[in-house]
Amino acid sequence: MAKHHPDLIFCRKQPGIAIGRLCEGCDGRCVICDSYVKPKRLVKICDECNYGSYQGRCIVCGGIGISDAYYCAECTIQEKDRDGCPKIVNLGQSRTDLFYERKKYGNYNP
Ligand SMILES: [Zn+2]
Ligand SMILES: [Zn+2]
Ligand SMILES: [Zn+2]
C-alpha cells in the first residue's frame, strides 16, 4: 500500500471533468492528508491523469479504482481542493533515477 510521504509530488494541473478514483487499499481516505474521517468534496483530476490507461486508476497508488476519491472536510476548509489535480505523479521516481544512473555509466570510460 502506498503511503503518503513528504516526497510525493502532486500533479497540480488544472482539473478537468474527470473524477478521481481510489483502489480498494486507498478507499475512503483523503487524497491530500490520508484522513479517513469526514470526506467532503469529490476529487476532480486533470485530463492528462485520466488519459488512456490512467483512466479509472487509483490516483494515490495507480491501482484499479473501485470508488470515487474525496477531499476531507479539513482539506476543503484549507482550500487544498483548489490546488489543482491531486494525482501523485512521482511514483515512478526510481525509474528516473535509473535513467540518470545509466547515463552516468554510459559516460564512464575506464
Ligand atoms: Zn484531507
Ligand atoms: Zn493531473
Ligand atoms: Zn490506491
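**View 1. Lys38 in the loop between strand 2 and strand 3.** Lys38 lies in the loop that joins strand 2 to strand 3, strands being DSSP runs of E with at least two residues, numbered from the N terminus. The model is predicted: local features need pLDDT of at least 70, side-chain atom pairs count only at pLDDT 80 or more, and totals for chains, interfaces and linings use all residues. Residues are numbered from 1 along each chain as its sequence is written.

**View 1. Lys38 in the loop between strand 2 and strand 3.** Lys38 lies in the loop that joins strand 2 to strand 3, strands being DSSP runs of E with at least two residues, numbered from the N terminus. The model is predicted: local features need pLDDT of at least 70, side-chain atom pairs count only at pLDDT 80 or more, and totals for chains, interfaces and linings use all residues. Residues are numbered from 1 along each chain as its sequence is written. Lys38 counts as partly exposed because it has 13 C-beta neighbours inside 10 Å; with C-beta atoms placed from the backbone, 12 or fewer others within 10 Å make a residue exposed, 20 or more make it buried, and values in between make it partly exposed.

**View 2. Asp34 in the loop between strand 2 and strand 3.** Asp34 is found in this loop. Its phi is positive, about 75°, although Asp34 is not a glycine. Asp34 counts as exposed because 12 C-beta neighbours lie inside 10 Å.

**View 3. Cys33 and its contacts.** Cys33 is placed in the loop between strand 2 (21-22) and strand 3 (39-42). Not counting residues up to four places away in sequence, Cys33 touches Cys72, Glu74 and Cys75, a contact being two backbone-placed C-beta atoms within 7 Å. Cys33 and Tyr71 are 38 residues apart in sequence, and their C-alpha atoms are 8.5 Å apart.

**View 4. Tyr71 and its contacts.** Leaving aside neighbours within four places in sequence, the contacts of Tyr71 include Cys30, Val31, Lys40 and Asp81.

Note on methods: Chains are lettered from A and ligands numbered from 1 in the order in which they are written. Helices (H or I, at least four residues) and strands (E, at least two) are DSSP runs, numbered from the N terminus.
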